[in-house]
Each structure stands twice: as C-alpha cells, then as structure tokens.
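Keep the 3D view open as you read.

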Amino acid sequence: MTTLNYIFYYIILLTPLFSSFQDRFGESRNRMVSEQIEKRGISDKDVLKAMRIVKRHLFIPQVLRNRAYNDGPVPIGYGQTISQPYIVAYMTDIIDLKPNSNVLEIGTGSGYQAAVLAEITNKVYTIEIIQELGEAAKETFKDLGYNNIESKIADGYFGWEEKGPFDAIIVTAATEFIPPPLIGQLKPGGKMVIPVGSPMQVQFLMLVEKNVQGKVKTRSLFPVRFVPFTRN
Ligand code: SAH
C-alpha cells in the first residue's frame, strides 16, 4: 500500500470517531428536544429543528457542560444563567418567526437564544449589558459561524433604533415594566415576549402584540423566573 493509501484509510477509519467526539452530546440534545420540548406541546418544525441543531453545550462554561441538556437553567458566570431549554423554545415559538423576520434580543448572555433565533431567521440583533458576557458571546458567534447575528454591549432598555423596527423582540431578563422604547421599535403586526415582575416576586411571561393599526395588546402567559433586567 502506498503512503497515500494509508492516509486515506486513516481518514476513513477516524472520521466517524472525530464526528462523534465533536458532537458527543448529540443524543442528549435529541432527547432534550423530544422529552422536554415536543412532549410539552411545541410542534413548530423550525423551532424543533433549531433546538436540535444548536449545540447548547458550546454556550456553557466547560466545567458545567455535562448539565447543558438538563431540564433547567445553567449558570454562565457574572450571576447570570442560560434559560431552561423549554423556555428558550417556547419564547422562540410564540413570536412566530419567518425566514425574513428582523429580530431583536435583549440579554445576549451566553448567546444561545440568539443562535436558536439565527437558525430560523436571516438577521438577529442582540444586546448585552455586561461587557464580558457580550464579548464572549461575540467570539462564540464568530467561532460557530453565525454571521447573521449582530451584537453590541449596551443597556437594552433603549432597544436598537437604527436596526428597527422589528418583527419580533425577545427579552430574556425580567423587567419591572415593559420598556416603552421597545414597544416603539416593534413593527405593526409584530410580537414581543418579555418576563415582567420584580426579582423578589412572581414574574409573568408576557406577550405584547402590536396590530397593523399600531394598537398594543398585552397578554400574560405563565409564571417564570428570570434574572433581573439591570440598568447602568
Ligand atoms: N438569552 C441568554 C440568557 C441570559 S440571562 C442566553 O441564551 O444565554 C439574561 C441576560 O440579560 C444577562 O446576561 C444579563 O446581563 C442581561 N441583561 C440584564 N439587563 C440588561 C439590559 N438592561 N440590557 C441588556 N442586557 C441585560
């Protein structure tokens, strides 16, 4: 056998090994989707597909990666958490994304929610207030090739005027009231999902809908527990 043949054999033999190593959580992720998300009633194909594709463990600190596919939130440093997979899927589902939706997320955190959104739509904007988290997420987006995500470090209270108006806005930290600039940047026909309530009290996930005439309707969905929305 020539050297070239040897190399060829090695590649053939080792490729499956590498790919299973690269995605050693693939099975856990599929289980997460079927048991935590599908079974609880989420059926949108695009949402389920995105949740199957995005490698949640890559958004979680190395030492906690074995908890990535558990049915709960995971700490990501700086007192913040990555939301429970079901909540990520639910919030993604309720804003009815289309492939050309212009979406804004407030609270980038690890970048996981933004990546899930970016699997469904062409353009995602995301804002984080903690510099270190914002920078780390930007790196993660670059490493994973998410060039349809644009992120910045700022107080998300003010939204991202120049990039709006948005078809959908998703807020992943609990506010005491819905920031008026975010309502202003929602397109007529657009939807926003946002946890509302003070840190010590019960918070509710709210759906804010702006109809085509620009009238705003707010609906309370269910109680949740999010990290607080902070101001500089
Ligand atoms: N979507 C994130 C969840 C992060 S937790 C993920 O998928 O990992 C909520 C995040 O909101 C935290 O990182 C917190 O720092 C951030 N946050 C809180 N108040 C904010 C504000 N006013 N503007 C932007 N981000 C804010």
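Helices and strands here are DSSP runs, with helices at least four residues long and strands at least two, numbered from the N terminus. Please keep in mind that this is a predicted model.

With that naming in hand, which element gives the most to the shell around the ligand? That is strand S2, with three residues. The elements that contribute two or more residues to this shell are S2 (80-82), strand S3 (102-106), helix H5 (112-120) and strand S4 (123-128). The shell holds 26 residues, and those that come nearest to the ligand are Glu-105, Ser-110, Glu-128, Gly-156 and Thr-230.

Now zoom in on some individual atom pairs. Ser-110, already named among the nearest residues, places a polar side-chain atom 2.6 Å from an oxygen atom of the ligand. With Gln-113 it is the backbone that takes part: one of its polar backbone atoms is 3.0 Å from a ligand oxygen. A nitrogen atom of the ligand, in turn, has a polar side-chain atom of Asp-155 at 2.9 Å. How much of the ligand does the protein cover? On its own the ligand has 590 Å² of accessible area, and the protein covers 99% of that. The space that the ligand takes up is the largest pocket.

Side chains of opposite charge can pair when their charged atoms come close. Searching the whole structure gives ten salt bridges. One of them links Arg-31 with Glu-27, and their closest N and O atoms are 3.8 Å apart. Both residues belong to helix H2 (residues 26-38), where they are four residues apart, about one turn of the helix.

Finally, have a look at the backbone in a few loops. Where do you find a cis peptide bond? One joins Gly-164 and Pro-165, with omega at about -5 degrees. Pro-165 sits in the loop that runs between strand S5 (149-153) and strand S6 (166-171). Tyr-78 is not a glycine, yet it has a positive phi of about 55 degrees; you can find Tyr-78 in the loop between strand S1 (74-77) and S2. Asp-96, also not a glycine, has a positive phi of about 50 degrees, and Asp-96 lies in the loop between helix H4 (85-94) and S3.

Methods. Residues are numbered from 1 along each chain as its sequence is written. This is a predicted model: local features need pLDDT of at least 70, side-chain atom pairs count only at pLDDT 80 or more; totals for chains, interfaces and linings use all residues. Side-chain values use heavy atoms; hydrogens and water are left out. A residue is near a molecule or strand if one of its heavy atoms lies within 4 Å of it. A polar contact is a pair of N or O atoms within 3.5 Å; within protein, one must be able to donate a hydrogen and the other to accept it, and residues adjacent in sequence count only if both atoms are side-chain atoms. Accessible areas come from the Shrake-Rupley method with a 1.4 Å probe; for residues, only the protein chains shown count as cover. On a 1 Å grid over the protein atoms alone, a cavity is a set of points where a 1.4 Å probe fits but cannot get out, and a pocket is an open set with protein on both sides within 12 Å along at least five of seven lines; lining residues have an atom within 4 Å of a point. A molecule sits in a cavity or pocket if more than half of its atoms lie within 2 Å of its grid points. A salt bridge is a side-chain nitrogen of Lys or Arg within 4 Å of a carboxyl oxygen of Asp or Glu.
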